[in-house]
Amino acid sequence: MSEKTYAAYAHPLWRRLLFTRDAGVIALVILISMWGYSNIPYFGDTLTLTYLLLDMTTILLIALPMTLVIITGEIDLSVASVVGLASAVLGLLHEHGVGMATSCIIALAVGLICGAFNGFLVAYVGLPSLAVTIGTLALYRGVAVGLLGTTAVTGFAQDWTKRAAQVIGATGIPTIIVLFAVLAVVFIVLLHFSPFGRGIYDIGLSTEAAKFSGVNVRRTKLILFCLTGVVSALAGIYFTLRFGSARGDNATGLELQVIAAVLLGGVSIFGGRGRLPGVIAGVLLIGVISSALRLQGVTVNIINIIIGLLLVLSVVSTTVLAWVSDAAARRKRASGPPQPSQSVGTH
């Protein structure tokens, strides 16, 4: 049996698991949480945990499909507008007496249509995703605001609104996290343990190579944009029920927070690299830092500056580490074993 010679097996398993970007972000979350628990009043309270998770659930949900989209080298800037559109549709249907379950299904269908429209323009028409989703960001938000105007729809059934903020016993963990955990497992299996996920990485590394290896690039991208649409609509339903208010301008600007969390979690903006556990840890890292700073009386503007600087450092460090790794690999190849010299015999 031949020995494995892949670069991935050059180090022991424990080192491959611990010395990764994912492990570093997870370690930061743990360290900052421990420091906050020891030094910041009320940081370790159950109520703090509850509101931290409630605040981050929308970002956690949307970050799942966004990770897959960015790994292919594309991006979706319309996700927050889909959140607002789903919220507006939910409010409009509720205002006209449609049942909540039916309204939620229709809102999810609207999200699917929005994602399919983005995916069709990107995958089949061949337009750049950045330009497409900037346009649909404005389009979907305009439709959402147009449906409700400047008014807000309230008065949702209490059993639905309570369910959005309900916690599991005395743990302080919201029940919505259970839904997120189920979706996270599905997306992790899809990305990291399926041929479909391998195709996503192949597309991010090289679209042409992915085509030659049998990956249906167009269909894959269409599916991913459909997933961002549906999950964003689901996040919109949660957002509406949690605050008990349907507005067309709900979640304005949320797309930047989602993308920041994904990049902070180690996903390359150029595609081809990234893992979902690191992204989840990146979202939690932003939440933990924000919660700790708020408890210390730091203003929202300062918190945004700190998170922005952290994101810039994250992207720069990823680029620098990749450059150092490539340089080390080139030096290693250059200093390989010398070729045996050929002696010229005399006759």
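Reply: Happy to. Of the 347 residues of the protein chain, 44% count as buried. Keep in mind that this is a predicted model.

Me: Why is cysteine 104 called buried?

Reply: Buried means under 20% relative accessible area. Cysteine 104 has 10%, so the label buried applies. Cysteine 226, with 15%, is buried by that rule too.

Me: What makes the count of disulfides what it is, and how many are there?

Reply: The rule asks for a pair of cysteine sulfur atoms within 2.5 Å, and by it the count comes to zero.

Me: How do you know that aspartate 22 and arginine 275 form a salt bridge?

Reply: Their closest N and O atoms are 3.1 Å apart, and the cut-off is within 4 Å, so the pair qualifies. This pair links distant parts of the chain: aspartate 22 sits in helix H2, and arginine 275 in the loop between helices H12 and H13, 253 residues away.

Me: Why does the contact between aspartate 55 and arginine 294 count as a salt bridge?

Reply: The N to O distance is 3.8 Å, which is within 4 Å, so the name holds. Aspartate 55 belongs to helix H3 and arginine 294 to helix H13, so the bridge ties together parts 239 residues apart in sequence. Asp55 and Arg294 also belong to a salt-bridge network with Arg242.

Key
Residues are numbered from 1 along each chain as its sequence is written. This is a predicted model: local features need pLDDT of at least 70, side-chain atom pairs count only at pLDDT 80 or more; totals for chains, interfaces and linings use all residues. Side-chain values use heavy atoms; hydrogens and water are left out. Buried means under 20% relative accessible area, exposed over 50%, partly exposed in between (1.4 Å probe, protein chains only). A salt bridge is a side-chain nitrogen of Lys or Arg within 4 Å of a carboxyl oxygen of Asp or Glu. Helices (H or I, at least four residues) and strands (E, at least two) are DSSP runs, numbered from the N terminus.
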